[in-house]
Amino acid sequence: MTIRSVLIANRGEIAVRIIKAAKALGIRTVQVHSAADADMLAVRLADEAIDIGSPAPKKSYLNIEAVIAAAKASGVDAVHPGYGFLSENGDFADAVEAAGMIFIGPSGDAIRMLGDKVAARQVAAKAGVPTVPGSDGRVAGLDEARALAATTGFPVMIKAAAGGGGRGIRIVADITELEQQFPLASAEALAAFGDGGLYMEKVITRARHVEVQIFGDGQNFVHFFERECSLQRRRQKVWEEAPAFLLPATVRERLCGSAVALAREVGYRGAGTVEYLYDDETGDFYFIEVNTRIQVEHPVTEMITGFDLVQEMFKVAGGTALSVSQGDIRASGHAIECRINAEDPFKAFQPSPGTITKLSVPEGEGIRFDTMLYEGYTIPPFYDSLLGKLIVHAETRDACLAKLGLALQALAIEGVPTTVPLHLALARDARVANGLFHTRFLEHWLDNDFAALAGRTQEVA
């Protein structure tokens with residue numbers, strides 16, 4: 001390996017995860033942090049820490065010049081972007097390489113191409129991956145949008161071409177809504193992403209969200225099977241599983257094969273995820289997008305395959321060929337991940353920064369808690385509310401759900417409200433146990449079932 005030291009250009013639980021993977025490989029770690037994060041766990045674990053600015057992300061974690069300056073000053077060989085912040089910024093990847101360091105991820109060109117949702121759809125179609133019926137490229141204007149909707153039928157989804165993370169999306173049910181929302185969506189996209197371009201897709205009702213973990217070294221490409229992420233609130237994932245429950249073996253083979261074909265089409269390097277909508281009534285699946293980074297939910301894949309994906313990122317970025325071929329990768333058992341946020345699910349998921357007064361983590365075979373927490377840590381109010389991820393693994397999904405319920409009961413985080421009660425209620429729900437959910441299930445469930453299952457009154461947003 002050519003990587004002997006790495007700068008982690010991120011914060012929170014993913015920074016801790018990267019540091020642990022790096023240390024396991026004997027790699028020196030340098031952690032950047034904002035002024036608000038001087039006491040975070042990643043700073044304590046890293047070999048060196050560098051303050052890169054004030055709490056506002058634009059002045060610290062999104063400040064390319066500050067991150068590159070810190071990397072140069074510390075003399076690292078490589079930069080790992082984690083997820084979020086600059087992880088899918090092609091210009092950042094280019095800046096790291098231009099400074100003589102290794103960017104642990106795909107090239108800037110690949111990030112830009114796959115990050116543009118329209119270009120990614122075109123790549124997917126070229127690779128033979130099914131795409132949702134919709135525009136072949138950016139929609140030129142409202143007249144074209146009307147004509148397209150007449151062809152696909154309503155409802156349709158207007159999406160920002162340069163968007164991501166569930167932002168910049170609007171669903172319209174008829175021509176009147178389309179005419180109202182199209183210009184608003186363009187203005188919103190321009191403000192959020194600096195690009196007002198839009199494209200449109202037919203809405204697949206009652207769809208499931210299934211994604212495939214891909215890996216490549218530029219010449220060899222594999223998948224690590226799929227995950228299901230259908231339980232979402234406001235298009236943000238809440239609960240993830242691997243493998244996808246009730247997915248027929250024939251569909252799994254075609255789904256994962258299509259993801260590898262897409263990776264091969266672009267000569268992909270590093271870890272990535274190809275996301276799909278799956279219609280379990282017809283057995284059809286449709287490409288959504290590619291995430292050119294490690295995902296929040298990668299631990300469920302690690303639990304069922306036994307591979308450390310973050311360590312593999314280091315190895316591939318360092319010039320080593322993939323350590324495995326497709327035949328070496330086997331899925332065993334079932335894994336579920338719950339995202340534990342500093343939010344109060346009984347008060348419309350109000351963010352709840354504060355000080356952790358007690359932390360007790362469940363232990364045992366098949367139980368993992370990836371976190372940024374320690375007792376006495378004060379959660380700053382400036383960033384994402386994710387505190388950690390509780391992951392459990394068992395031989396069957398039923399056994400996994402039972403283990404998850406016990407692990408959630410044993411997880412004690414005191415000092416701030418968290419979303420643990422939400423996950424306990426989901427683990428008890430019969431429809432969740434039977435896999436009877438889709439991407440719109442959770443919000444209806446929160447309005448109608450959560451409070452009763454949790455045994456408390458819920459305030460409405």
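**Before you start.** This is a predicted model, in which local features need pLDDT of at least 70, side-chain atom pairs count only at pLDDT 80 or more, and totals for chains, interfaces and linings use all residues. Residues are numbered from 1 along each chain as its sequence is written, and side-chain values use heavy atoms, with hydrogens and water left out.

**Stop 1: the parallel sheet.** Select β1 to β5. Helices (H or I, at least four residues) and strands (E, at least two) are DSSP runs, numbered from the N terminus. These five strands form an open sheet in the order β3-β2-β1-β4-β5, with parallel pairing. Strands pair if DSSP finds at least two bridges between them. Which strands sit at the edges? They are β3 (48–53) and β5 (102–103), each pairing on one side only.

Zoom in on β4 (residues 78–80). Two bridges join β4 to β5 in the parallel sense. A78 stands opposite I102 in β5.

Contact here means heavy atoms within 4.5 Å.

**Stop 2: the cores.** Select L7, F92, F215, W239, F314, L404 and W445. These have the most contacts inside the largest nonpolar core, which has 101 residues. A nonpolar core is a set of buried Ala, Val, Leu, Ile, Met, Phe, Trp, Tyr and Cys residues joined through side-chain atoms within 4.5 Å. Buried means under 20% relative accessible area, exposed over 50%, and partly exposed in between (1.4 Å probe, protein chains only). Helix α1 (residues 12–24) gives the most to this core, with seven residues.

**Stop 3: stacked and tilted rings.** Rings of Phe, Tyr and Trp (its six-membered ring) pair if their centres lie within 6.5 Å; planes under 30 degrees apart count as stacked, over 60 as edge-to-face and the rest as tilted. By this rule there are eleven aromatic pairs. Why is the F346 and F450 pair stacked? Their ring centres are 5.2 Å apart and the planes lie at 20°, so the pair counts as stacked. F346 is in the loop between β15 (343–344) and β16 (350–351), while F450 is in helix α16 (residues 450–454), 104 residues apart. F346 is buried at 3% relative accessible area, and F450 is buried at 0%.

Turn to W445. The W445 and F450 rings have centres 5.7 Å apart and planes at 35°, so this pair is tilted. Leaving out residues up to four places away in sequence, W445 touches L422, A425, L426, D429, R431, F450 and L453.

For another ring group, select Y61, F85, F382 and Y383, which form one aromatic cluster.

**Stop 4: strand β11.** Select residues 236–242. Six of the seven residues of β11 are buried, so the strand is largely enclosed by the rest of the structure. Strand β10 (residues 221–233) pairs with β11 in the antiparallel sense over four bridges. Q232 stands opposite K237 in β11. The two strands form a hairpin with two residues between them, and R234 in the turn has a positive phi of about 50°. Strand β14 (residues 334–341) also runs antiparallel to β11, joined by four bridges. There, E240 has E337 as its bridge partner.

**Stop 5: H438.** Select H438, in the loop between α14 (430–433) and α15 (441–448). Is H438 buried or exposed? H438 is buried, at 12% relative accessible area. Its side chain makes a polar contact with the side chain of R206 (3.5 Å). A polar contact is a pair of N or O atoms within 3.5 Å; within protein, one must be able to donate a hydrogen and the other to accept it, and residues adjacent in sequence count only if both atoms are side-chain atoms.

**Stop 6: M40.** Finish at M40, in the loop between β2 and α2 (41–45). M40 counts as buried, at 2% relative accessibility. M40 and V16 are 24 residues apart in sequence and 9.5 Å apart in space, C-alpha to C-alpha.
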